[in-house]
Amino acid sequence: MKREIIGMKGEDWSRIIIERLGLEGKLAPADFVAGWERFLESVYPEMELTRGADALTAALAARGVPQAIATSSSATAVAKKRLPHGPLFGRMRHVVTGNEVSRGKPHPDIFSLAAERLGVEASRCVAFEDAPSGVAVGKLTEARARV
């Protein structure tokens with residue numbers, strides 16, 4: 001299930017989990033997401049960056065490559081996640097969160113908004129993704145760029 005839901009907005013992944021576990025009517029999606037976010041708050045200070053992320057973003061910044069983060073996480077969660085990772089977040093011109101788009105991944109909305117804020121065509125962007133739903137968006141955007 002994790003592979004299927006990672007990268008999705010909370011309102012989307014929570015419904016999938018509740019349905020799969022047969023918890024409809026017993027647990028509201030919003031309550032599930034709120035509980036999950038409370039748990040994450042306790043572990044944010046211990047979370048490490050993905051290996052190579054700091055070095056890569058530093059190298060890109062040194063070359064003047066504009067960078068943004070497009071995350072399905074809420075703005076509240078991102079504000080807390082960024083505290084232990086100030087240097088990496090400081091290199092980002094924009095951080096687009098799940099709150100800012102109506103449809104989460106695998107829809108391309110969040111990547112399109114990040115590209116727009118960077119002032120770059122989405123087809124000229126490179127996405128580094130940790131979620132299959134995000135990779136699917138990248139492939140879709142690439143296919144559209146070739147048409």
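This is a predicted model: local features need pLDDT of at least 70, side-chain atom pairs count only at pLDDT 80 or more; totals for chains, interfaces and linings use all residues.
Good morning. I begin with a salt bridge: Glu129 pairs with Lys105, and their closest N and O atoms are 2.8 Å apart. The term salt bridge is used here for a side-chain nitrogen of Lys or Arg within 4 Å of a carboxyl oxygen of Asp or Glu. Glu129 lies in the loop between α7 and α8 (132-146), and Lys105 in the loop between β2 and α7, so this pair ties together parts that are 24 residues apart in sequence. Helices (H or I, at least four residues) and strands (E, at least two) are DSSP runs, numbered from the N terminus.

Residues are numbered from 1 along each chain as its sequence is written, and side-chain values use heavy atoms, with hydrogens and water left out.

Are the two partners of the opening pair buried or exposed? Lys105 counts as buried, at 5% relative accessibility, whereas Glu129 is partly exposed at 23%. Buried means under 20% relative accessible area, exposed means over 50%, and partly exposed lies in between, with a 1.4 Å probe and protein chains only.

How many salt bridges does the structure hold? The count is six, and I shall describe two further examples. In general, side chains of opposite charge can pair when their charged atoms come close.

Glu100 and Arg117 meet through their side chains in a salt bridge of 2.6 Å, N to O. This pair links distant parts of the chain, since Glu100 is in the loop between β2 and α7 (109-118) and Arg117 is in helix α7, 17 residues apart. Glu100 is partly exposed at 33% relative accessibility, and Arg117 is partly exposed at 34%.

Asp54 forms a salt bridge with Arg91, with 2.9 Å between the closest N and O atoms. Because Asp54 lies in helix α4 (residues 53-62) and Arg91 in the loop between α6 (86-90) and β2 (94-96), the pair ties together parts that are 37 residues apart in sequence. Asp54 is partly exposed, with a relative accessible area of 34%.

I turn now to the aromatic residues. Rings of Phe, Tyr and Trp (its six-membered ring) pair if their centres lie within 6.5 Å; planes under 30 degrees apart count as stacked, over 60 as edge-to-face and the rest as tilted. By this rule there are three aromatic pairs. One of them joins Trp13 and Phe32 edge-to-face, at 5.5 Å centre to centre and with 75° between the planes. Trp13 lies in helix α2 (residues 10-20) and Phe32 in helix α3 (residues 29-43), so the pair ties together parts that are 19 residues apart in sequence. Trp13 is buried at 12% relative accessibility, and Phe32 is partly exposed at 24%.

Trp36 and Phe39 form a tilted pair, at 5.4 Å centre to centre and with 35° between the planes. Both residues lie in helix α3, three residues apart, about one turn of the helix. An α-helix has 3.6 residues a turn, so residues three or four places apart point the same way. Trp36 is partly exposed at 40%, as is Phe39 at 42%. Trp13, Phe32, Trp36 and Phe39 form one aromatic cluster.

Finally, helix α2. Its buried residues are Gly10, Trp13, Ser14, Ile16, Ile17 and Ile18. Just after α2, Gly22 takes a positive phi of about 65°. Thank you.
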